[in-house]
Amino acid sequence: MADPAAGAVVGVDVGGTFTDLVALDPASGRVRLAKVPSTPDNQAFGVMNALAAAGCDLAALDLIVHGTTTTTNAVLERKLARTGLITTAGFRDILELGRRTRPQPYGMTGTFRPLIPRNLRLEVSERMDASGAVVTPLDEDAVHAAAKRLLAAGCESLVIHFLHAYANPAHELRAAEILRPIWPNDHITLGHALLSESREFERGVTAAVNAAVQPLLDRYIRRLAEELERGGHRGELLIMNGNGGMVSAARVAREAAKTVMSGPASGVMAAAFTGRRSGLENLITYDMGGTSTDVALIRGAEPSVSSEIEIEYAMPIHVPMVDVRTIGAGGGSIARVSPAGLLEVGPDSAGADPGPICYGRGGTAPTISDANLILGRLDPAGFAAGAAQVSADHVRKVFEQVLGAPLGLDATQAAAAVIRVANLKMAGAIRMVSISLGADPRDFALFAFGGAGPLHAAALARELGIPRVLVPARPGITNAIGCVVADLRHDFVQTLNTPLDRLDPALLTEVFAAQSAEGARLIGKERVGLRALRHIHSLDMQFVGQTHLLRVPLPGPEIGRDAIQALFEEVYFRRFRVTLPDIRAHVVNASSSVIGLRDALDFSALIDPAGRKATLAEAQIGMRPVHFAGTWHDSPVYWRDHLPLEARLSGPAVVRQMDTTVLIEPDDRARGDAQGNLIIEIGAAT
Amino acid sequence: MSLDPITLTVIQAGLQQVCDEMDLTFSRAAFSPVIAEANDRSDGIYAADDGALIAQGAGGLPVFVGTMQESTRILIGMIADGRAAPPQPGDIYIVNDPYLGGTHLMDVRFARPFYRGGRIFCWLSNTGHWPDTGGAVPGGFSASATAVEQEGLRLPPVRLFKEGVLDEEIFAIIRSNIRVADQRIGDVKAQAAALLVGEERLGALMDRYGDATVAEAIAELRRRAAMQMRAFIATIPDGRYPASAWIDSDGVVDAPLEIRLAVTREGEDLRFDFSGSSPPCAGPMNSVRATTLSAVYLAMRHIFPEVAMSAGAFEPLHVTGIEGTFLDAQYPRPVSGCAAEVSQRIAEAVFVALVAALPERVTAAPAGTSGNFALGGTDPARGRDFVMYQISGGGYGGNAGHDGLSNGCSTIGISKAPPVEIMEQAFPVLYHHYALHEGSGGAGCQRGGFGLDYEVELRRGSARASFVMDHGRFGPQGVLGGGDGGVNRVTVWQSGVPHRPAHLSKEQDIPLAPGDRVRVQTPGGGGYGDPFRRDPEAVREDVALERYTAEQARDLFGVALTGSPPQVDVAATRTLRAARS
């Protein structure tokens with residue numbers, strides 16, 4: 001086997017609109033990029049198109065890492081494989097009853113469609129209690145009969161989900177053993193397999209998601225692998241998981257639920273990688289697109305990971321995923337004046353179609369993007385692609401009529417107000433995300449990407465007290481870069497549920513050792529160049545009587561009770577400024593992550609060094625008035641690819657590039673670093 | 001007005017952010033699962049002179065939407081006339097007296113004066129539901145209490161924190177009077193920490209925009225919230241909209257209690273007249289004034305969720321005629337059912353009254369009970385006592401757009417139910433089923449959602465079961481021709497013999513031995529519109545999914561089905577539906 005790191009590596013991310021690709025030849029450092037339309041019906045075509053557009057020789061590629069939205073879309077659109085459930089007698093409705101909630105605090109309405117309909121949820125006699133002791137033995141004949149019924153009803157995939165299987169999986173394992181010979185494929189998901197934790201609704205939904213997308217992901221990956229092979233590819237194909245790690249294509253479908261959110265996760269991985277290379281290891285990532293904005297936290301170059309993501313109302317997927325929170329604000333968010341005479345922005349969006357007025361696709365409602373256009377922040381020429389050309393005057397007129405008249409403002413003032421309110425909302429949401437994760441935003445740098453992120457980042461940073469903004473070299477293909485730099489990663493959780501003073505440290509060490517060994521075994525199977533294996537151990541803890549968990553990172557797998565107590569108290573105090581010396585600590589879960597660290601890659605050529613100019617003046621492509629804080633400023637416009645490598649800029653300035661616009665406000669200063677990033681230092685508050 | 005609308009929006013968002021951060025801090029640091037998981041708490045900012053609501057956290061429990069400004073208003077009055085000690089910076093008052101702007105005793109309010117330039121600029125306050133405040137039964141929900149003293153410890157406003165320091169003596173009194181006292185210090189610290197966060201964040205906001213500007217914005221936001229509510233009220237056709245809703249019984253005297261309501265539009269204001277409602281009752285199904293007002297406000301907010309949460313939004317809403325009724329109970333009437341049950345029935349009356357005026361916005365009646373089942377006993381395997389609560393949801397009402405949601409949380413709550421697996425880990429019980437309450441959705445063109453049906457067995461030791469629920473006698477009301485939702489049903493098996501509470505939904509201290517079981521079937525939501533106009537295909541699907549039987553399809557919806565899986569018999573359906581009209 002050739003050293004896989006020696007050949008070219010490709011990262012390809014399929015998003016809702018575009019399929020992005022980055023190809024890196026580690027030997028020469030040469031980088032190739034492509035952005036082509038996604039092909040939703042079969043994403044493989046988009047991937048092949050992107051490879052062709054970048055001029056990749058498939059035979060020369062050692063490794064392709066792929067981020068896909070196949071599973072996310074399938075769940076959100078309920079385009080799922082027909083799936084059946086076999087469960088404990090008396091509990092088939094768990095998946096439909098949920099946790100007794102409604103979608104919003106006010107408004108007594110809401111709808112919910114379970115992943116598996118009631119007639120395909122069958123019960124068999126069996127029961128474990130909470131300690132894992134058998135209360136009722138498994139009725140094996142009933143298991144057999146239920147599977148026959150589900151097959152007759154056309155089910156392709158199966159979930160076996162029994163109460164308390166996290167405590168004792170014997171009945172689930174036995175049922176699977178009975179059914180493997182008669183079920184026509186491998187698509188059997190056991191409830192405890194992905195998530196061995198109590199809480200039957202969350203575990204059941206996680207298993208149901210896995211089962212319902214598994215056949216789809218399996219087919220898609222097979223098709224893609226065939227296409228690649230036909231094109232001459234002989235190297236490895238890996239798929240991004242939502243935890244920011246990757247797994248081999250051959251194994252990914254088995255735990256298909258883990259690929260949900262793989263796109264956003266890879267963007268965060270790229271941010272962690274880029275930040276580490278630039279010496280900024282504490283980042284808030286800020287990915288603003290057309291309809292929504294994704295935010296995540298990176299501490300010490302490690303993205304925050306959560307096992308409690310809910311991808312929509314009552315749809316929890318409890319496998320470890322990079323904790324990406326979505327805010328309902330994007331370039332297409334619509335502005336209006338409320339009956340109380342107050343300006344509101346969002347949450348509804350003009351989306352991509354018809355989109356903002358300035359897209360010229362028939363949009364008529366004023367949006368954030370339109371406001372950016374009026375204020376000179378976006379270049380009117382940049383929207384020439386629209387079906388019908390829309391003039392800036394027309395956009396101004398709409399702002400005047402719809403917003404300006406009721407508020408007593410002219411078009412410019414109305415646009416400035418829209419941006420101010422939108423930034424305030426996003427800043428508030430980012431603040432809530434960071435404090436809910438126990439972080440003060442002022443201790444972070446803002447990593448801005450996505451089509452609209454770099455346009456708003458400096459203003460948000462100022463609002464939040466964040467001292468600097470990092471705009472990567474290629475904000476529009478960050479997810480694809482994340483695929484290339486991601487590590488191999490496996491996460492494990494074991495419920496212990498014991499007071500700390502009764503925890504057996506030897507047993508804990510054993511649990512961690514077993515998790516480490518299994519992770520190392522799985523990683524050992526991949527043909528990818530690694531520089532090291534990392535093992536991270538942590539405990540989920542609380543004070544006896546609490547329900548929320550606090551994650552306590554441990555220095556190593558061997559640790560005593562006193563040391564754990566001290567660490568827990570420290571983490572708790574940092575989060576809540578409260579000490580509770582009289583209350584006992586409780587250990588709920590022991591978790592390990594095993595990470596295969598990839599060989600370091602050099603991305604300094606993401607912007608072609610040959611294209612860079614020697615001076616700032618040569619990189620300038622124009623000058624235009626841009627509106628900041630109540631006045632128009634004549635601002636130079638630069639072309640990003642032409643900027644000298646370590647350029648220094650003073651705001652106000654606009655930096656344009658293929659896929660985004662970077663705004664540098666008055667009083668801010670920006671510099672290019674050796675990695676091709678722009679670092680904006682935020683000046684005094686305006 | 002000198003303030004521009006943008007600064008106004010900016011300050012509004014800033015105030016909201018302060019409250020949301022207080023909510024988050026409180027929930028995350030709290031011990032009581034009622035607060036930490038069920039978010040049975042709320043945080044807000046209140047005016048210095050009259051306690052009027054300035055802003056309140058978006059994730060607060062709806063029932064507190066109107067109570068906290070009442071509570072703060074009364075506290076301010078008591079300080080003014082010397083009934084409460086004067087405040088110093090850093091003080092935090094504690095109060096849980098229901099008659100002083102509260103709900104039930106378990107809802108404990110903290111209030112902290114916020115100083116600016118040596119004067120109180122506003123109050124920061126929060127409410128948290130403590131798992132116990134003493135009284136006859138663990139948890140405080142006694143179905144048969146006849147005086148508030150039996151319900152728990154009642155605290156007038158006293159300064160639990162003095163200049164930032166916890167008064168250990170007052171806390172010692174509280175500790176000696178409540179159950180599971182050792183964890184309460186955690187909740188007290190969490191509740192105080194939330195107010196401290198609020199103080200820091202509000203201070204930063206005011207430093208940035210200036211005290212005068214913030215004060216002006218607060219006044220203007222209040223005017224605008226009133227304007228916004230009036231704009232919505234203007235969409236209600238002129239008229240008088242009457243409705244009644246009933247409580248099964250008060251737990252002591254087995255007779256229904258009536259909420260009689262007439263909503264009248266008077267210009268751009270709405271009058272909610274409760275004259276003729278039942279007099280105060282002997283048992284705990286009384287409401288106090290603050291809770292009654294809050295129930296009306298939260299019902300209107302369910303109907304118009306767009307209106308900003310500020311005292312201004314309540315100004316056009318006038319509640320009258322409650323004096324002398326069970327909706328304005330006075331000391332020492334027992335009140336433990338006011339927030340959990342009576343408030344939901346008041347909201348039901350508002351919905352049923354206004355659905356004719358606002359058919360696109362208002363739903364049929366939701367389940368409307370908190371379904372409170374408490375099991376207290378001894379677990380010999382662990383050698384200690386336990387108290388288990390199962391609070392359950394039910395179906396929501398059908399509405400113009402959709403069928404009602406199944407197993408939603410209460411009208412006045414936003415909480416999640418605990419998983420069966422967690423309950424079985426913590427308590428000596430085994431659930432036999434946890435399922436959809438089949439047939440419980442009220443028939444309608446859009447049917448009601450379905451309730452919950454669970455059965456739980458005591459495995460060891462001994463225990464006593466208590467129930468404070470409602471809608472056992474009358475189902476949640478259907479509207480515009482829709483049928484009522486299925487009623488709440490409680491069955492207790494003692495040594496295999498079934499027992500049903502005399503009051504149907506309420507009884508206290510039923511002894512259970514190992515093997516004894518409790519089954520609870522919670523209400524479905526009311527139906528919306530004529531069930532004979534429901535799409536026969538939707539009826540067929542409900543039968544195919546075993547939510548209704550074929551007989552129910554025929555009798556309730558006029559749809560004839562044949563075969564298995566069922567198919568619509570079009571001709572027979574036409575005949576059935578024609579025969580009725």
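I began with strand β12 (residues 245–248) and strand β25 (residues 487–499) of chain A, which pair in the parallel sense over two bridges. Strands here are DSSP runs of E with at least two residues, helices are runs of H or I with at least four, and both are numbered from the N terminus; two strands pair if DSSP finds at least two bridges between them. I noted that A:Asp487 in β25(A) is the bridge partner of A:Gly245.

The model is predicted: local features need pLDDT of at least 70 and side-chain atom pairs count only at pLDDT 80 or more, while totals for chains, interfaces and linings use all residues. Residues are numbered from 1 along each chain as its sequence is written, and chains are lettered from A and ligands numbered from 1 in the order in which they are written.

**The sheet of chain A**

I then traced the open sheet of ten strands, whose order in chain A is β3-β2-β1-β4-β11-β12-β25-β28-β26-β27, with mixed pairing. Its edge strands, β3 (30–37) and β27 (550–554) of chain A, each pair on one side only. From one strand to the next, the twist averages 30°. For angles, axes are lines fitted to C-alpha atoms, for helices over the stretch in contact, and the values run from 0 to 180 degrees between N-to-C directions.

I looked next for helices on this sheet. Helix α15 (residues 505–524) of chain A packs on the sheet and touches β25, β26 (530–543) and β28 (585–598) of chain A; contact requires C-beta atoms, placed from the backbone, within 7 Å. The direction of α15 makes about 25° with that of β28(A). Helix α16 (residues 561–576) of chain A also packs on the sheet, touching β26, β27 and β28 of chain A, and its direction makes about 130° with that of β27(A).

**A helix pair**

I checked helix α4 (residues 140–152) and helix α5 (residues 170–179) of chain A: their axes come within 10 Å and cross at roughly 55°. In the contact, A:Glu140, A:Val143, A:His144 and A:Ala147 of α4(A) meet A:Ala175, A:Ile178 and A:Leu179 of α5(A).

**Chain A against chain B**

I found 57 residues of chain A in contact with 65 residues of chain B. On the side of chain A that touches chain B, the elements giving two or more residues are α3 (94–97), α7 (200–230) and α12 (411–436) of chain A. The most comes from α12(A), with nine residues.

Terms used. Two residues are in contact if their C-beta atoms, placed from the backbone, lie within 7 Å.
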